[in-house]
Every structure is written in structure tokens, then in C-alpha cells.
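Dear colleague,

I am passing on to you the structure below, which you will be seeing for the first time. After it come my notes on what was found, and I would be glad if you read them with the structure open beside you.

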Amino acid sequence: MPFFKTSFNGYAVKFSPFFENRLAVATSQNFGILGNGRIHVLDLNPSGPITEIASFDTADGVYDCTWSENNENLLVSAIADGSVKLWDLALPLTQNPIRSLHEHTREVHSVDWNPVRRDSFLSSSWDDTIKLWTIDRPTSVRTFKEHAYCVYSAIWNPRHGDVFASASGDCTLRIWDVREPNSTMILPAHEFEILSCDWNKYDDCLIATASVDKSIKVWDVRSFRVPVTVLNGHTYAVRKVKFSPHRESLIASCSYDMTVCLWDYQVEDALVGRYDHHTEFAVGVDMSVLVEGLFASTGWDELVYVWQHGTDPRAP
Amino acid sequence: MSSSTGNGPPPKPWEGARASSGPAPFKPPSPGSTSDVVEASGTAKPGEIVNTPQRNPSATGTALARPVPTRPWEQNYGSSYGVNAGYGSGMGYNSGYGSGTLGSYGGYGSSYGGGMYGNSMYRGGYGSSGMYGGSGMYGGSGMYGGGLGGPMTGGYGMGMGGPYGEQDPNNPYGAPPSPPGFWLSALRVMHGVVTFFGRVAMLIDQNTQAFHLFMSALLQLFDRSGMLYGELARFVFRLLGIRTKSRKVHPEGPHGPGHPSATHGHNHIEGPKAAPSGSWDNVWSDDAVRGN
């Protein structure tokens, strides 16, 4: 599979839930510290290079993006200036973004579309809050403010449209129900900041967390005193963790150690694959929902790789 | 949303699979749209803006097990970073600042304090005489104190973006002149600086080990460049004919290497065996000259 060169440093990559050959990439200039941002929408070709079908520019870095689950052209992005912007691929560039939602008071670090109810999405920010948005409202529906430090990631439960989890720099993972005033569970999951979390797609009680302490832990929310398992193998902070949409026990992760790792948390030698194709921090990884075993990753080396599990991402 | 299809994506691979390995501790899902569900639960609070400094985690009844670190952009850095810390609060990043924040103004270095207070001056319209004239205007702490005491204190809480051009409705002295371009642009630059430091700090936060790596790489680079320049300087000196290294090995005597005195000295260094004896006769070529 070929790679795609972005003009800025990669921050996140997401496969479209509608088209098996489409993905979106969030990028930021100057490592996201100062400068502009750009969102690329890419199409994979069975033979030939990856083509860009659209790109949207922003005045500040883009830290994350997510595809809508009820409109194949709709894309949501988390912008470093505290705004959440919605983009419509069907509209010309001049009419985009179709919406800019500015309620967070600091950088927005993650966005996630509700895959069950499909009419809402979450944004988490460095202002310690998570906001719930619906597509029919110009303002957020609710704000979840309990974390005592930046919230790096807020992810919907893939089987329950009212439940989501949030990972924060206050070293806790919190489980929320949008109908409850406060979080329903608090897991002091790591001794250091938690940068990412993701739900198991086949067991809605299992959740994985990735932390600055270089480890990934899998938790069962029914008995969260001890983790189900601890996955060690990364040599620096783990930036993102993702459960496979196809295999119950498969986990993908990327890290500041510049590698993308694959884990099977149910076997003893959990590390089942390590890809070191990036030459800078690997900060974005995703697995295709529509094509089993198709991976995408991006990093600060300004490259987006798409590859089939077991093959070399760099192979032409 | 011009092209809303209303159709969902293809079914997810996990749909239809067994839901859970046991009873989940979640309430059963509610029917209806997300906004309806949230509103029915009574937890909806549309468009709430949360300001980080006002937020009180203990108020939620979910105190943490361990102390939470200060946010990187809120830390009170040493005096050399005063511009950063001070600016963050002065800027009213998050509009509502309490008295605690105002107290932190005391820590400003005078050189930076000027700009900050100067701008609050513009808003408040205090110091009616010589608005931008006197040097005391921008630097004077007395000036600042006045501003704080007055009814304009609220002005400090204003956000960074935009309000500087606006008129203060509470201004008893009439509309203040619009802020000079210089200060405005300086403020914008400073805002960028604050954002920069905040994000760098966050990155360091997220990746402590990599920061260590970065610093050691930087130090190594300095080290190497030092060596490089050292070599370069030596090369230039050589070109100019200047010897930078003194030859300390085997210092030669005034008469040259072949002269007996040099050899004699050497012999002397050899130690107590210097006393002439038969066995040494052939060892030193100039023994004969010395006449034994």
C-alpha cells in the first residue's frame, strides 16, 4: 500500500464508516504548537497512489476528527483554538465549514460521533470538560465537568448510545451516562496521565486505557479494582489505543516511541505485531470497520500509511 | 447539512454478536434522540461555558485520590518566565478571574508589567491625564493600584479576543481612545507566546521521557558543535601559521638533540644507576667522548 505525504504534522486518522476506501487525516503545522491546521480527505485506490479528494484549512491546528454516522459527507474536527468545526464534503470549499461551535475555552483534543444513536457527538478539551453536541442544535446539549485536568479523549460505548468513557490527565478514567448528572464510575486507572481509551466492540464492559506510564491496561467496568491485563512493550508514552472492530481481543496502539503495536490481550505473549515505519512520533492509528485487517497510521513525520495487517506499511 | 442522507453506514461487524460477557452495570438505553433523552433526564444545560479556574473538582463530590498538578499554563514560573505566567492571567484567558488572580499581578517583572497594565488602562479610561504619555503610565505600580480599586476591576476579566477595541459602558470619563496599534499587536504576539508555551508544556506533559531525550539530544548537539568549532578554529590557526599546541614531548636542549648535554640529562633521569661503570660503556655512544 502506498503512503500519503501531508504538508503538516499528522495528528489523527479515521476511516470512513461509509466508504471502505476513504479516510480523513487531521494535521497541524509546527507539531501543533503554533500555526495552521489542515484536514485531508483521502481516497485509496486498489492500484496506484492515494489521492486527495478534499482538504480544509483552519487557522489553528487540528488535533482530531471523526466521521458522521448518519451522513457520509459530514466530518467533525477538533481545533486547537477551542472550536469544533463541521465540514461537508458535498459543498464547495467556500461554504465550509458549515458550522463552527465555539464553547470550549481551551484546545479541543478529541471528537467522537455516537455510533449507536448517530445524531450526536462528543468533544473533549484541555479546559477539563467534555461536551455533548447534537446536529440539530447550535449549542452543546450538556457539559460534563468533573475531571480535574485536561480530558484527552471521550469515546462512546459502541453498544450503548447513552454511555461513554473519558480519559484524562488527572489519571482517572470516568464512565458517564448522559442521563446522569455525574459520572457513574471513576477508575484510577494509571499512576500517570491517561492519553487515550477505547471500548471493546464485542464486550461492552471492557475498556482499554493508554497512558504516559508506557502501558496499556484493559479494564472490566464491573470489577475495576484491578485491570484485566496490563500490556507492556512501548518504550514511551502511549498516545492512542483502539480495539479492533473485527476481532474481540485485538488492540492497536501508537506511541511516542514511533511505533504502532498490535496486541492480543487474551494471549500470554500479547504483543503480536510491531510496525516501526514512522520516523517521528506516531500519534494517530485507526482500523477500518469495513475491511478486516486494514490499518492506517499517521505521525509527526507528515506521512499517512495504509496497510493490510501482516504486510510492510512501507512496501510499495 | 445539505446532503444529509439520513441513512446509516453499513452495519458494524460487531452488530448481532453477543452483547456482553455478563450483565452490564449500565441502565438500559432510552429510546429517542440524544437531545430528547438528555432533556428528559433533567441534566441538559445548553451552551454552558466552563471556565477552568472557576471549576472546583471537590464540589462534584468526586475528590481524587492523588493531588492534581498545576496546569502548565497556570504555573507561576520563575521571574525569567514571568511574562508567560503573568500574561496568561492578565489576558483573561477564561473570562472570570477572582481576586486570587489579581493578586498574582504582584509577581510581574516591571518591564513586562507595563504592557499589561497599560492595556487595562485603555479599557478603564483611568489616568485621564496623559493617557499614553508618561512613562509612569505603562510601568507604574501606583497607576495599577488605582485601576484595581476602581469600579473597572471587572474589566480585567475580559477575554483576550476583541474586547480591547470596545467601549467600557462603566467608564465615567467617556469613551477611551482606541488602543494604539502597537500595544494591540504586541498583545497578540504575547497571546501567541502564551499559547506556544502552553502547548509545549502540554506536549512535555504527555511525553516526559521524550522531553528528556530532546534535551539530551540538544545538549549533545551543543557539545558536538563546540568540538566542531574547536576543530575549525585550530584549522584556521594552522592556516595562519599559529601553533596552538606546544610540543611538550622530549623538550630539546639548547644545543640540539645530538649534544652530549642532552644525553647526559637523559642519563641522569634514568635514576641512581647513573654512576659510570664498565657494563654501561657501550650503551651510550658518547661515553668515549666524555672520556669515562
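**A sheet in chain A**

Strand E22 of chain A is joined by five bridges to strand E23(A), which covers residues 250–255, and the two run antiparallel. One residue pair shows where they meet: A:Val241 has A:Ser253 in E23(A) as its bridge partner. These strands belong to an open sheet of four in chain A, ordered E22-E23-E24-E25, with antiparallel pairing. At its edges are strand E22 (238–243) and strand E25 (271–275) of chain A, each of which pairs on one side only. From one strand to the next, the twist averages 20°.

Please keep in mind throughout that this is a predicted model, with an ipTM of 0.83 and a pTM of 0.69.

**The nonpolar cores**

The largest nonpolar core has 109 residues, and those with the most contacts inside it are A:Ile39, A:Cys65, A:Cys197, A:Ile251 and A:Val304. Apart from it lies another core, this one of five residues, including B:Trp183, B:Leu187, B:Met190 and B:Phe197. To return to A:Cys65, its contacts, leaving aside neighbours within four places in sequence, include A:Ile39, A:Ala12, A:Lys14, A:Leu75 and A:Val111.

**Where the chains touch**

Between the two chains, 78 residues of chain A are in contact with 60 residues of chain B. On the side of chain A that touches chain B, the elements giving two or more residues are strand E12 (130–134), strand E13 (142–144) and strand E15 (160–168) of chain A, and of these E15(A) gives the most, with four residues. The residues of that side of chain A divide into 33 nonpolar, 19 polar and 26 charged.

Within chain B, confidence is highest in helix H1 (residues 34–41) of chain B, at 90, and lowest in helix H3 (residues 99–103) of chain B, at a mean of 32. Over residues 54–63 of chain B the pLDDT stays under 50, and for this stretch the model has 14 contacts beyond four places in sequence. Residues 251–275 of chain B likewise have a pLDDT below 50, and here the model has 17 contacts beyond near neighbours in sequence.

With best wishes

Conventions:
Residues are numbered from 1 along each chain as its sequence is written. Chains are lettered from A and ligands numbered from 1 in the order in which they are written. This is a predicted model: local features need pLDDT of at least 70, side-chain atom pairs count only at pLDDT 80 or more; totals for chains, interfaces and linings use all residues. A nonpolar core is a set of buried Ala, Val, Leu, Ile, Met, Phe, Trp, Tyr and Cys residues joined through C-beta atoms within 7 Å. A residue is buried if 20 or more other C-beta atoms lie within 10 Å of its own, exposed if 12 or fewer, and partly exposed in between; C-beta atoms are placed from the backbone. Two residues are in contact if their C-beta atoms, placed from the backbone, lie within 7 Å. Two strands pair if DSSP finds at least two bridges between them. Axes are lines fitted to C-alpha atoms, for helices over the stretch in contact, and angles run from 0 to 180 degrees between N-to-C directions. Ala, Val, Leu, Ile, Met, Phe, Trp, Tyr, Cys and Pro count as nonpolar, Asp, Glu, Lys and Arg as charged, and the others, Gly among them, as polar. pLDDT is the predictor's confidence in each residue, from 0 to 100.
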